[in-house]
Amino acid sequence: VSQRELKKLLFEEKEPRITISFYKYTTIEDPESFRDELYKKLDEIKVFGRIYIAKEGINSQISIPESNFDKFRDIINSISFLQGTRLNLAVDDDGKSFWVLKIKVRKKIVADGITDPNFDMSKKGKYVDADSFNELTNDPQTIVVDMRNHYEYEVGHFQNAIEVPSDTFRSQLPMAVEMLSDQKDKNIIMYCTGGIRCEKASAYMLMNGFKNVYHLEGGIINYANKVKEEKLPNKFLGKNFVF
């Protein structure tokens, strides 16, 4: 079926769709087999979107018909390493971002350029939720680091956040280490859109000798939802560019 026809079918749908993102760093021994089984289950409940699977985990941005959301959650919770995975619901989204399901196997779920065999994703920074993020950033000595690209930073960012001026994550990592090399003992909070890049960045910073590294749980998407739910002060300025 052509892309044009698929888009047409999407916009003819009457039922609302829920757009979510989720990721998980974990060990997947056979990404190809896992991809095949996951595709069959998600295609059956009309999930659209893009999912990347690698030996290091899974990264997903998808939309689901509202009536199938519970079925989707049951599928996720039936997979041992995805049980309890946080699902980031998109804010102010019309559910029309995707019109087909694509699940691809890649070398990594986030291209990082890391070749050091000592790099270990299990040794990552501490999660901070929205409330803890606000509290930590009240301290002027806390450094907030934006791990998104230049356009995303320009559209919106947290108060006093510093930009790592590169449009590729692989070059941002060593650049962040160099930029902050004389501040290894300070509190450093990494953040990104949904959490996947800043979680990896926190592990990279720790590997390079930084002491107090944090990353924003669920990224800006989760922060925005929690600020709204819990009526917290919102320290994000501008818009969060998602797709």
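In which sense do strand 1 (residues 17–25) and strand 4 pair, and over how many bridges? The two strands run antiparallel to each other and are joined over two bridges. The model is a predicted one, in which local features need pLDDT of at least 70 and side-chain atom pairs count only at pLDDT 80 or more, while totals for chains, interfaces and linings use all residues. Residues are numbered from 1 along each chain as its sequence is written, and side-chain values use heavy atoms, with hydrogens and water left out.

Helices (H or I, at least four residues) and strands (E, at least two) are DSSP runs numbered from the N terminus, and two strands pair if DSSP finds at least two bridges between them. An open sheet of mixed pairing is formed by five strands in the order 4-1-3-2-5. Strand 4 (88–89) and strand 5 (101–105) each have a single partner strand and stand at the edges, so one side of each is left without a neighbour in the sheet. Within strand 4, Leu89 is the bridge partner of Ile20.

Helix 2 (31–44) has 14 residues, which at 1.5 Å a residue should span 20 Å; its end C-alpha atoms are 20 Å apart, in agreement. The expected span is 1.5 Å times one less than the number of residues. Pro31, Phe34, Leu38 and Leu42 of helix 2 are buried (under 20% relative accessible area, with exposed over 50% and partly exposed in between; 1.4 Å probe, protein chains only). Seen down the axis of helix 2, these buried residues fall within an arc of 60°, so they line one face of the helix; the arc is that of the directions from the helix axis to the C-beta atoms. The exposed residues Lys40 and Glu44 are carried on the face turned away from the buried side of helix 2. The cover of its buried residues includes strand 2 (48–54), strand 3, helix 3 and strand 5. Just after helix 2, Lys46 has a positive phi of about 60°.

In helix 3 (residues 69–77), the buried residues are Phe69, Phe72, Ile75 and Ile76. Down the axis of helix 3, its buried residues fall within an arc of 115°, so they line one face of the helix. Strand 1, helix 2 and strand 3 (57–65) are among the elements that cover them.

Met147, leaving aside its neighbours within four places in sequence, is in contact (heavy atoms within 4.5 Å) with residues including Val164, Phe169, Met190 and Arg197.
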